[in-house]
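Here is a note for a colleague who is new to reading structures. Please keep the model open while going through the points.

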Amino acid sequence: MNLLGHQRPSAEEHAQLMQELGPLPLSGVAWPKWIKALACAVLVFIGVQIAITAAGPVGQNISPMVAGSIMLCFVGLVVLARYMLVSVTSITHEGIRQTWLGRREVDWQDITFAKFVPLLASKRLICFTSRGRPVVFQAGTQELQIAFARIALVYRRRR
């Protein structure tokens, strides 16, 4: 008995979804080009501001602990931006995967509910699983966005 009130699609519905998605694997960038460009521009702006401040008279008065904290945060932003630039989302017969800092994957049999969230900056598919936290995937291409919408329709909430 499913306590959450979610019912997975039947085998026929899942097979029809796989057919509608087209030839699998379907892969594409996770983030749109304009988001990647904006992230790089923001990083350059922050880096320039850090350099200007460090080279000026104000930089002489900053404690080493504060300067180290700022640099650590900047390095963290660089790492996140790097993963944004190279991240790829793939839809396969086994499930959905996205390259990221940590494990971001879900198998079809683990999905209990999926929701497509078409935000301005990123089109997302939120996959709710029976084992824990939801897994969020980004789609940077129109093909992935269409596939996410189809997946959400099949894995919509049922009672």
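1. Basis. This is a predicted model, in which local features need pLDDT of at least 70 and side-chain atom pairs count only at pLDDT 80 or more, while totals for chains, interfaces and linings use all residues. Residues are numbered from 1 along each chain as its sequence is written, and side-chain values use heavy atoms, with hydrogens and water left out. Helices (H or I, at least four residues) and strands (E, at least two) are DSSP runs, numbered from the N terminus.

2. Helices α2 and α4. Helix α2 covers residues 33-55 and helix α4 covers residues 64-86; their axes are 10 Å apart and the packing angle is about 160 degrees. Axes are lines fitted to C-alpha atoms, for helices over the stretch in contact, and angles run from 0 to 180 degrees between N-to-C directions. The two helices are therefore roughly antiparallel (angles under 35 degrees count as roughly parallel, over 145 as roughly antiparallel, 65 to 115 as roughly perpendicular and the rest as oblique).

3. Residues between α2 and α4. On the α2 side the contact involves I35, K36, A39, C40, L43, I46, G47 and I50, and on the α4 side I70, M71, F74, L77, V78, A81, M84 and L85. Contact means heavy atoms within 4.5 Å. By class, this contact of α2 with α4 has 14 nonpolar residues, one polar and one charged. Ala, Val, Leu, Ile, Met, Phe, Trp, Tyr, Cys and Pro count as nonpolar, Asp, Glu, Lys and Arg as charged, and the others, Gly among them, as polar.

4. Helices α1 and α5. The axes of α1 (residues 11-20) and α5 (residues 142-154) come within 10 Å and cross at roughly 170 degrees. This pair is therefore also roughly antiparallel. E13, L17 and E20 of α1 make the contact with R150, I151 and V154 of α5. Three of these residues are nonpolar, three are charged and none is polar.

5. The largest pocket. What is the volume of the largest pocket? About 260 Å³ of space lies there. On a 1 Å grid over the protein atoms alone, a cavity is a set of points where a 1.4 Å probe fits but cannot get out, and a pocket is an open set with protein on both sides within 12 Å along at least five of seven lines; lining residues have an atom within 4 Å of a point. Among the 13 lining residues, R103, E105, R133, P134 and V135 are the closest to the centre of this pocket. Strands β4 (105-107) and β7 (135-139) each supply at least two residues of the lining. The lining has four nonpolar, three polar and six charged residues.

6. The second largest pocket. The lining here consists of Q49, I50, T53, A54, G59, I62, A67, I70 and M71. Both α2 and α4 give two or more residues to this lining, and α2 gives the most, with four. Six of the lining residues are nonpolar, three are polar and none is charged.

7. A cis bond. Most peptide bonds are trans. The bond from L24 to P25 is cis, with omega near 10 degrees. P25 is found in the loop between α1 and β1 (26-29).

8. H14 and R104. H14 is placed in helix α1 and touches W108 and Y155, not counting residues up to four places away in sequence. R104 is in the loop between β3 (95-98) and β4. Leaving aside neighbours within four places in sequence, R104 is in contact with I96, R97, Q98, V135, V136, F137 and Q138.

Key:
Grid points are joined across faces, edges and corners, and a volume is the space filled by probe spheres set on the points.
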